[in-house]
Amino acid sequence: MLLANRRPLAARLILMLLAMAILVLGYQWGNQYQRRHAEPPTISGVLLRPPLAAPEFALEDALGRPFDRARLGADWTLLAFGSLADASGQRALQRLIETRNRLADRPEIAGALRLVLVDGGADRARARDFSRLSPALDIVSGPPEARAPLAALGDDTDAGSAPILVFAPRARLLAILPGTAAGAILAADLAALHAAAPALLAETP
């Protein structure tokens with residue numbers, strides 16, 4: 001003979017809700033623990049832990065509009081250095097565009113990716129012509145003292161191999177990638193950084 005459940009319905013509902021809450025909290029805690037203790041991504045460049053806040057700077061884009069730290073804030077940004085007046089800048093520009101094209105099958109990354117070339121040549125007419133290559137592209141310039149805060153993060157134009165800086169949203173410098181790497185490698189690096197971003201950006205001081 002079965003015994004009747006003598007607990008009131010309200011008490012049973014409370015116990016069920018408590019059990020569900022414990023399960024949800026346990027899942028969330030486990031997920032956060034796994035993210036925090038996951039291995040950092042392997043990339044071809046240098047991963048910055050914790051990420052660095054971008055410095056204040058004041059440049060202008062190809063249309064003469066101000067381009068400053070706030071313009072880095074909303075999206076992921078690949079930033080390269082070079083002069084469009086010579087082959088180094090044109091190669092850097094080609095590498096940026098190739099990297100974004102390689103992410104065409106990852107619209108969640110490519111759609112939020114800005115490309116920025118800091119042009120040491122400062123020829124605005126030439127910059128306007130090249131900026132038509134991609135709607136995601138900004139070619140910015142300014143005198144050496146205006147470029148200096150960004151250049152201090154890794155400009156190596158004298159060697160013809162200026163690195164590429166990866167800024168995550170809120171203008172946080174997350175990685176420095178080799179400027180000589182092929183677009184396919186840079187795209188793979190960016191995809192790895194994007195996947196690990198919740199854990200990496202949580203380390204921001």
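So, what do the buried residues of helix 2 pack against? Quite a list: strand 4 (76–82), strand 5 (113–119), strand 6 (137–140) and strand 7 (164–168), plus helix 4 (124–131) and helix 6 (183–201). And keep in mind as we go that this is a predicted model.

Which residues of helix 2 are the buried ones? They're Gly89, Ala92, Leu93, Arg95, Leu96, Ile97 and Thr99. If you're new to helices, here's a handy bit of background: an α-helix has 3.6 residues a turn, so residues three or four places apart point the same way.

Now let's zoom in on one residue of helix 2, Thr99. Is Thr99 buried or exposed? Its relative accessible area is 0%, and buried means under 20%, so Thr99 is buried. Its side chain reaches back to the backbone oxygen of Arg95, at 2.8 Å. Setting aside neighbours within four places in sequence, Thr99 is in contact with Leu78, Gly183, Leu186 and Ala187.

Next stop, Ala171. You'll find Ala171 in the loop between strand 7 and strand 8 (172–177). Being in a loop doesn't leave Ala171 out in the open here: its relative accessibility is 2%, so Ala171 counts as buried. What does Ala171 touch, if we don't count residues up to four places away in sequence? That would be Leu52, Ala53, Ala54, Arg69, Leu72 and Gly73. Take Pro51 as well: Pro51 and Ala171 are 120 residues apart along the chain, yet their C-alpha atoms are separated by 9.6 Å.

Okay, let's zoom out to the whole chain. How many helices and strands does the chain have? Six helices and eight strands. Reading along the sequence, the pattern goes α-β-β-β-β-α-α-β-α-β-α-β-β-α. Of the 205 residues in the chain, 37% are buried. If you take the contacts with a separation of 6 or more, 67% of them are between residues 24 or more positions apart. And the chain exposes about 11600 Å², with carbon and sulfur atoms supplying 59% of that.

Key: Residues are numbered from 1 along each chain as its sequence is written. This is a predicted model: local features need pLDDT of at least 70, side-chain atom pairs count only at pLDDT 80 or more; totals for chains, interfaces and linings use all residues. Side-chain values use heavy atoms; hydrogens and water are left out. Buried means under 20% relative accessible area, exposed over 50%, partly exposed in between (1.4 Å probe, protein chains only). Helices (H or I, at least four residues) and strands (E, at least two) are DSSP runs, numbered from the N terminus. Contact means heavy atoms within 4.5 Å. Accessible areas come from the Shrake-Rupley method with a 1.4 Å probe; for residues, only the protein chains shown count as cover. A polar contact is a pair of N or O atoms within 3.5 Å; within protein, one must be able to donate a hydrogen and the other to accept it, and residues adjacent in sequence count only if both atoms are side-chain atoms.
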